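Trainee: Could you walk me through reading a structure like this? I'd like the general idea of each feature, then the case at hand.

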Amino acid sequence: MKKFVVFGLLASKIVFGTTITVAAAADLRFVLQDLTALYEKQYPQDKLKFIYGASGNFYNQIRAGYPIDVFMSADTHYPELLYKQGLAYKPRPYAIGKLTLFTVEPNINVNNPKLALLKASKIAIANPRVAPYGIAGISTLHCYHIYHAVKNKIVFGENIIQTAQYVASKNADVGLVSYSLLLTPQLKGKGKIYLIPQACYKPIVQGAAVIKSTKNKNAAMRFFNFLYSPQAIAIWKSFGYGIPK
Amino acid sequence: MDYKVFLISFELATSTTLVLGVVGIFIAYFLAFSKSLWADIVEPFIMSPLVLPPTVLGFYIIYIFGLGSPIGQFLNHFGIKLVFNFKGLLFGSIIYSMPFAVSPVVSGFRSVPKSIIEASYTLGKSKFYTLLRVIIPNSKYSIVSALVLVFSHTIGEFGVVLMVGGDIPDKTRTASIAIFDYVQELNYKDANITALILFGIAMSTLIFLQILKRLQER
């Protein structure tokens, strides 16, 4: 039995080659499924594994020695900090996220976002202390001058996908979530969306970096560079992301 | 559907049970028979995971043993890492499940009639021999139920394993964390399958304990 396990491990190593472990911001959960399919077709020797969560949590974990190869944040702040601390190679922005008002309640009119937010009994926003989309959400409320009027109705999701789930499951009537999540098969057409004007929040420029402690630097760099390839950019765009210049 | 998560949960639960099976008995022996003040000081610490949020334990393990701390850095020089790997999971689980390993055994040991323990001493047998041949055999039901509880409690662990293990696929992603991930992915089908399997494991261990209790009462 033990021999078979060892043999199996060896065989999987030969078949799959290197495993690249990526810690990715939660808004990327669905776009990365498409990117992974493309990447593994181009580089069949690499196998990608993902952990999704809030960028700030990953930042803390990486500082504590988190054994991952690539970090895809929902902002540029955390990868830059890791770079400055000598824990990551030079980061580069890969996409610009958009913030959306989202509801599945039929009688909420999203085309008047201010009124929709004021009338809602619960507003789902990602935790701004660890999720960059949460910071954008709070700044949107300030932008409409309704933060103080609605702040007691905010429910915080641990990350942006949990926030979208609060809305999709009707536990919150409206939410401020990432546009990319609402273009996924699971949520597409499930409700009404309104793109928050860019002027209301600081652009959500999302950056990635290869982590210095990686044991597979070549493969990690290969995946990192792939994120900026023309084929990858087409996928980013199809999920509603802007492309950094 | 990721079946590796069950393997990791099972490996973790088995290792935790093996370690606590041995360590738990000695701690229980100390707590059950020691009259020193130390026993009264140690007991609340051993029992604290029962009432502490798992996040408290998770936080301190990362804070103390992570690479960000001097202790973590120091241990790292000797190749010891207790955060974000299987060893860390095991370390966290051992602490977290300690009360379940100790508490039933303490009450089992205390209910062993004093007379037979003293009879063993009178016959010139050592304390260790008495523990091994008199006290343990007379508390076998408590010990087995402690081991079963530790096993199923470790399978059911979430907060500590998430924080200390870091949810790394194929390494520290256990079945209970996989459910959390599936739900976030809106993949309710796999969440459901994984949850049902865990429910089955939990129920079978509890039914086993019930049977054990009946056997003991006979």
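Mentor: Gladly! Let's start with a helix pair: the crossing of α1(B) and α8(B) is right-handed. Handedness is left if the near helix is turned anticlockwise from the far one by less than a right angle, and right if clockwise. Helices here are DSSP runs of H or I, at least four residues, and strands are runs of E, at least two, numbered from the N terminus.

Trainee: Which residues of α1(B) and α8(B) make the contact?

Mentor: Residues are in contact if their C-beta atoms, placed from the backbone, lie within 7 Å. Among them are B:Leu12 and B:Thr16 of α1(B), and B:Val150 and B:Phe151 of α8(B). The contact of α1(B) with α8(B) has 8 nonpolar, 6 polar and no charged residues; Ala, Val, Leu, Ile, Met, Phe, Trp, Tyr, Cys and Pro count as nonpolar, Asp, Glu, Lys and Arg as charged, and the others, Gly among them, as polar.

Trainee: What should I know about the model and its labels?

Mentor: It is predicted: local features need pLDDT of at least 70, side-chain atom pairs count only at pLDDT 80 or more, and totals for chains, interfaces and linings use all residues. Residues are numbered from 1 along each chain as its sequence is written, with chains lettered from A and ligands numbered from 1 in the order written.

Trainee: How many residues does each chain bring to the contact between chains B and A?

Mentor: Chain B gives 15 residues and chain A gives 15 residues. The chain B side divides into 7 nonpolar, 4 polar and 4 charged.

Trainee: How many helices and strands are in chain A?

Mentor: Chain A has 10 helices and 10 strands. Its C-alpha atoms fill a box of roughly 60 × 40 × 35 Å along the principal axes.

Definitions and conventions: Contact = placed C-beta atoms within 7 Å.
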